[in-house]
Amino acid sequence: MTQEVFTLSQTFQPAGGSRFMLRRHPQSPVLRPNPLRPWEALNVFNAAVIQHAGLFHMHYRAQGIDFVSSIGYAVSADGLNWNKLEHPVLAPQEDYESRGVEDPRVTWHQGDRCFYMAYTAFSPLGIMPCLARSGNLIAWERLGPVIRGENNKDHVLFPRKVAGRYAMFHRRPPHIWIAYSDDLTTWDSDSIVMSPRPHNLGWDEKRVGAGGVPIETAEGWLVLYHAYDNRHVYRLSAALLDLDDPSRVLARPRTYLMEPTETWEIRGDVPNVCFSCANPVVSGAGGQDEVWVYYGGADRMVGLATCTLAELTAFVKTAPGDPTWANH
Ligand code: BMA
């Protein structure tokens with residue numbers, strides 16, 4: 001297959017905006033396919049990562065040569081060196097999952113004191129956002145599709161109720177939406193949180209979608225998101241949303257935090273992709289809170305890029321924003 005590849009010099013360069021970028025970890029990529037296992041022989045990417053009971057737990061999207069995705073599990077003491085389970089923890093089972101279960105995002109819910117996995121089911125019936133629940137991160141109970149009758153994905157559950165209700169982002173193309181529920185089954189969705197910005201600098205002109213679990217800070221929900229442009233280059237950026245009403249965007253820089261520059265981010269299964277489903281806050285070496293952004297590179301491997309929580313907050317609050325588009 002011929003892949004159209006864009007080098008850094010051909011991709012968008014922010015003019016005048018903040019140059020703050022995530023730092024790639026020297027050990028990245030941290031997870032690779034295993035050609036000896038049919039279900040993860042070709043690609044491992046778009047991983048959820050959560051810290052629990054002193055360990056890092058990863059759920060990753062895996063594809064074999066049939067391109068059907070399942071979700072594998074790996075555990076790590078340091079977030080860098082991973083031990084994989086031999087078999088997927090979630091594999092296609094229902095009719096609405098027949099072509100794969102994709103892009104897990106795992107939330108520890110403070111109120112319910114259990115884990116929820118948001119994942120995308122793919123089948124001839126369409127693209128459906130689904131939820132599953134677990135007490136131990138290995139055995140998952142399906143709760144089923146949460147939005148039906150449309151192609152929808154990139155959903156992630158907030159770590160606590162907001163205004164007394166469960167809250168989740170989802171992506172009704174091309175926008176990030178927010179939906180609320182009392183029972184995790186029936187969801188009301190009436191607000192767009194963020195839209196593509198065709199009048200911005202180019203990189204977020206086509207579609208936007210949520211990243212990992214929203215980070216609660218004193219100043220608002222800090223959220224990472226991906227966007228792509230009209231050449232299908234996927235980049236990552238961040239925004240700050242109101243704590244009580246996360247559909248209110250408090251700050252959204254015009255620029256991005258990361259773009260594909262490494263060979264394995266530019267060339268892979270799908271070229272030019274940095275796509276994240278996890279941004280856990282980890283206590284760093286100096287005792288400072290760090291944001292560890294795990295991301296899929298070119299839909300083939302899992303990478304890690306980091307910054308401190310203070311840096312990310314400062315970027316979101318002080319990088320030039322676009323008042324015209326602030327609330328979309
Ligand atoms: C999106 C999702 C992601 C994927 C990305 C780039 O639509 O399907 O799983 O990483 O495209 O191919």
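Q: Which residues does V30 touch, not counting residues up to four places away in sequence?
A: Start with the idea of touching: two residues are in contact if their C-beta atoms, placed from the backbone, lie within 7 Å. By that rule V30 touches L80, W82, V302, G303 and L304. Keep in mind that this is a predicted model, where local features need pLDDT of at least 70, side-chain atom pairs count only at pLDDT 80 or more, and totals for chains, interfaces and linings use all residues. Residues are numbered from 1 along each chain as its sequence is written.

Q: Where does V30 lie?
A: Helices (H or I, at least four residues) and strands (E, at least two) are DSSP runs, numbered from the N terminus. V30 is in the loop between strand 1 (23-24) and strand 2 (43-52).

Q: Is V30 buried or exposed?
A: You count neighbours: a residue is buried if 20 or more other C-beta atoms lie within 10 Å of its own, exposed if 12 or fewer, and partly exposed in between, with C-beta atoms placed from the backbone. V30 counts as buried because it has 21 C-beta neighbours inside 10 Å. Across the protein chain, 48% of the 328 residues count as buried.

Q: Which residues of the largest nonpolar core touch the most other members?
A: In soluble globular proteins, nonpolar side chains tend to be buried together. A nonpolar core is a set of buried Ala, Val, Leu, Ile, Met, Phe, Trp, Tyr and Cys residues joined through C-beta atoms within 7 Å. Here the largest one has 95 residues, and A47 and Y60 touch the most other members. Leaving out residues up to four places away in sequence, the contacts of Y60 include A47, F45 and V302.

Q: What order do the strands have in the open sheet of four strands?
A: Strands of a sheet pair through backbone hydrogen bonds, either parallel or antiparallel. Two strands pair if DSSP finds at least two bridges between them. This sheet runs 10-11-12-13, with antiparallel pairing. Its edges are strand 10 (153-157) and strand 13 (188-194), each pairing on one side only.

Q: How many bridges join strand 11 and strand 12?
A: Strand 11 (residues 166-172) and strand 12 (residues 175-181) pair in the antiparallel sense over seven bridges. For one of the pairs, look at F169, whose bridge partner in strand 12 is I178.

Q: How many helices and strands does the protein chain have?
A: You'll find two helices and 22 strands. Along its principal axes, the C-alpha trace spans about 50 × 45 × 45 Å.
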